[in-house]
Amino acid sequence: MSMNSVGRPTRAEGDAVAGFASLTGARGLLQDEALIFERNGWGKTGVDLETPSRSSSDLGDLVRSAPIGLPGLSEPEAMRHYVRLSQKNHAIDLALYPLGSCTMKHNPRLNEKVARLPGFADLHPMAPVSTVQGALALMDRLAHWLKTLTGMPAVALSPKAGAHGELCGLLTIKAAHEAKGQGHRRLVLVPTSAHGTNPATAAFVGYNVAEIAQTEDGRVDLADLEAKLTDDVAAIMVTNPNTCGLFERDIIEIARLTHAVGAYFYCDGANFNAIVGRVRPGDLGVDAMHINLHKTFSTPHGGGGPGAGPVVLSEALAPYAPTPWVVSGEDGFRLVEETEAEAADSFGRMVAFHGQMGMFTRAYAYMASHGSDGLRQVAEDAVLNANYIKARLSGAMTAAFPDGPCMHEALFDDRWLEGTGVTTLDFAKAMIDEGFHPMTMYFPLVVHGAMLIEPTETESRQELDRFCDALLALAQAAKAGDADRFKGAPYLAPLRRLDETLAARKPRLAWRPEPTTVAPAPIAAE
Amino acid sequence: MRYLPLTPTDRAEMLQVIGAASVDDLFVDVPAAARKAELFDLPRHAGEMEVERELTALAALNRPAGAGPFFCGAGAYRHHVPATVDHIIQRSEFLTSYTPYQPEIAQGTLQVLFEFQSQVAALTGLEVANASLYDGSTACAEAVMMAQRVTRRKGAVLSGGLHPHYAAVTQTIAHAEGMEINRLAVAIDAEDAVIAAIGPDTACVVVQTPNVFGVVSDVTRIAEAAHAAGALMIVVTTEAVSYGLLKSPGEMGADIAVAEGQSIGVGLNFGGPYVGLFACREKLVRQAPGRLCGETVDAEGRRGFVLTLSTREQHIRREKATSNICTNSGLCALAFTIHMTLLGETGLRQLAEVNHARALDLRDALAAVPGVEILTPRFFNEFAIRLPGSAAAMVEALLEDDILAGVPFGRLDPQAGMDDVLLVAATETTTQDHITAFAQALSRRIGQ
């Protein structure tokens, strides 16, 4: 029988849990929660509104005649529904969340508090600039920090996520080429280890994509790069540190070769957390790089966004940046919103307004809290934590690149699982039963059965040890032939393994009334 | 440093386990020329109180919408958001989780997304909706790109009533893909002009209702013309509350509906983060951009939800993906869903009627001001007025009366030659006192 850290058995003798079912579908405090559409809330509302002072008869036949089919819940019911649902999620606030390449770090609540100040949260984007000087000043300060930390002269703040930042970078590069009569360049080079967003973005803006090979030690193959760098290449997109968690040692040479053929160097900055405060991408020859504020600068991931992806730009690319941007002048700050005059070379607009202000506020509060000294420590601790995990697990699992240190994430392959009948997926699902979110699996594509672990700097040594102990115990179980523990996992999660094939074969993407259900009656607003 | 748990002792012991002499040894792969030994020229770390003080001082330099009379709209609307919404979205399990890649421990987020998709599909009158996009403008651009994939045609016709920023964002993206965008001349009542612009290479027609001037139109005839020519009908809405009162895009023949969902649950936030709504006909779903949540069962046959049809997406399909999108607007979608659940159909309908009634009150007050011309015949909660002079100058002047009077159309589109046009909006947050103050101040200033 295994014991937990306070010496109690982790499960009942003989594992009574597996065969036990409650009478209601609940699992203790974890409720089986129906959809809002299944609670007979047609006609119900959880808000108290005034009675309209006049009718909408002036709109005639523009008014909808058929009911919408939306249920409502009273406030207590809605609260309980969503709180119950929340309890079915894993979260950073519960345990280490080692999704490689996602930088799941602690989200300070000070940032939430300041973002909600009415002076930021209750501002209209098109309010006169004289009434939003504090907001523009904050954007200007954020820009100053981002430029200083990256050693780049310009930054476009408006992209709304990392992939949107990539789009911004490539559109800037495309505009720069077109301005110089180089619009014929059709090719973007991307390493095989790249995030899927890189080739998707290149294709989205009309480029063809070619892959750069990788060396045995997990870096860009310089010879292959050089062979593919022709005058048809518009840009290379390289992640650094790369998705194997390794710093590209030849990065300066990569930049030099790229520039030699007139192409630009786009750096995917998803892994900036590993080097912030210690290395400036501008010193490496980078022309453009997006910064995921939701990774390095701790704005919350929110179950899949919103993120923010500002893009720092070199002198050569800065004139082509998207509008709008903030300019500091004698009468305070103003916004350049149109592609004319000083913005005549801009490639245009990417978003309706100015970008993710709510994320700017949070990211700035995070930077100001850390300061230049704290941010340097962030990178050091992030790298230290990853190397610690790599060192502790390497005896049992096979590190994909065992020689030399990794950066902020440790990459393992599945060679050590050979002959156990357990796959990377099975192993990951078994981690859930031990209380951890799985690592990133099967990415990067260059490593077989990849397991990419990024702990971040906000994990304590105790939590790292708890995590490593759990993985070592699982590894031992896998090698001991306890395949059932893995094949059926997870056993203890809110749900067992889900049938993803069924979901894709017969997609049910919205709730529909069952044929036997009486359709909701039209509801008058009185 | 309060966010960093490691102690100096931890660090020393961990380095021993690793077998490194110092943390610098872990950065050995960085070229020596790029290693910064000294700290950057930025302030040092600061306590929570100091940071809060700095940001509070910056916030105090701004004039919040709620501080007095306020009539701005043009794609971002001030609505009351129930306190419950902000409480729930700050639950750790929603706030600090990520995209639900592991469905067994993300059913909270996934069920919310399924409810969100179901609500958006119902509101737009279409069969399916995705799990959100960044905002309404990028959703509009994505819809146009999708129409190109579906029809294999290169042309798109944008109505002159489309929000100029939406048109600009769409042009930016479509230009890069080599599409031909035909943005028709800006006009208050521009919708019917799109019919004549449809040609054999038209992939889609993009019409906004209510349009940027607030004009509400029935686009059924336009949809019929688009379909007759083999093109898709895309209907754009920047004010999601209008769904509560007006005919849905689906009812009028839309193939794709996109909207800015900010009005429900999200707040103004100086333009972001917002939440893009995207719905379409079921037969088109495999060409749709973004995440989709679908229903399935687990190994014990219990209902559950997963991200699905991911073979459209960048992490599987790479350069052949339908979009490059990865992170979307999850937490804003949650806020939307909670607010919509609190409203229910009854509440949404009533909210929409209150908005409309308040805008009629505003119209009556402004129509009585000598020199003001009401330009929008039929509107929801926003309309355009013509002033005797520059709208931007009048907005500046009214700031002296502490009135945020609206959005000058010339700021959205300086080329349109409509510098005397002001867009004004009223919502349930607008009071009769504010309307009276606005009309009186406007009357006084026009008279000057």
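Author: Domain bounds here come from an automatic or database domain assignment. The model is predicted.

Reader: Into which domains is chain A divided?

Author: The division of chain A includes domain 2, at 111–367, and domain 3, at 376–498. The remaining one is built from separate stretches of the chain, namely domain 1 (22–49 + 66–88 + 499–526).

Reader: What distance separates the centres of domain 1 of chain A and domain 2 of chain A?

Author: The centres are taken over C-alpha atoms. For domain 1 of chain A and domain 2 of chain A, the separation is 41 Å.

Reader: In the open sheet of seven strands in chain A, which strands stand at the edges?

Author: The strand order is S1-S7-S6-S5-S4-S2-S3 in chain A, with mixed pairing. An edge strand has a single partner strand, so one side of it is left without a neighbour in the sheet. From one strand to the next, the twist averages 25°. The edge strands are S1 (154–156) and S3 (208–212) of chain A.

Reader: Which helix packs on the sheet and touches S1, S4, S5, S6 and S7 of chain A?

Author: Two of the strands touched are S5 (residues 264–268) and S6 (residues 288–290) of chain A, which pair in the parallel sense over two bridges. Across that pairing, Cys267(A) stands opposite Met289(A) in S6(A). The helix has a direction that makes about 165° with that of S6(A). It is helix H6 (residues 162–179) of chain A.

Reader: Is strand S2 of chain A largely enclosed or open, and why?

Author: S2 covers residues 187–191 of chain A. A residue counts as buried if 20 or more other C-beta atoms lie within 10 Å of its own. Four of the five residues of S2(A) are buried, so the strand is largely enclosed by the rest of the structure.

Reader: Over how many bridges does S2(A) pair with S3(A), and over how many with S4(A)?

Author: Both pairings are in the parallel sense. On the S3(A) side, Pro191(A) stands opposite Ile212(A); on the S4(A) side, the bridge partner of Leu187(A) is Val233(A). The counts are five bridges with S3(A) and three bridges with S4(A).

Reader: How many residues has the largest nonpolar core?

Author: Residues with the most contacts inside this core include Leu313(A) and Val205(B). Not counting residues up to four places away in sequence, Val205(B) touches several residues, among them Val157(B), Ile222(B) and Ile234(B). The core has 330 residues.

Reader: Are Thr103(A) and Ser298(A) buried or exposed?

Author: Neither is a glycine, yet phi is positive, near 50° for Thr103(A) and about 65° for Ser298(A). Thr103(A) is in the loop between H2 (75–86) and H3 (109–115) of chain A, and Ser298(A) is in the loop between S6 and S7 of chain A. Thr103(A) has 28 other C-beta atoms within 10 Å, and Ser298(A) has 28. Thr103(A) is buried, and Ser298(A) is buried.

Methods:
Residues numbered from 1 in each chain as written. Chains lettered and ligands numbered in written order. Predicted model: local features only at pLDDT ≥ 70, side-chain atom pairs only at ≥ 80, totals over all residues. Pairing = 2+ DSSP bridges. Axes fitted to C-alpha atoms, helices over the stretch in contact; angles between N-to-C directions. Contact = placed C-beta atoms within 7 Å. Buried ≥ 20, exposed ≤ 12 C-beta atoms within 10 Å, placed from the backbone. Core = buried A, V, L, I, M, F, W, Y, C linked by C-beta atoms within 7 Å.
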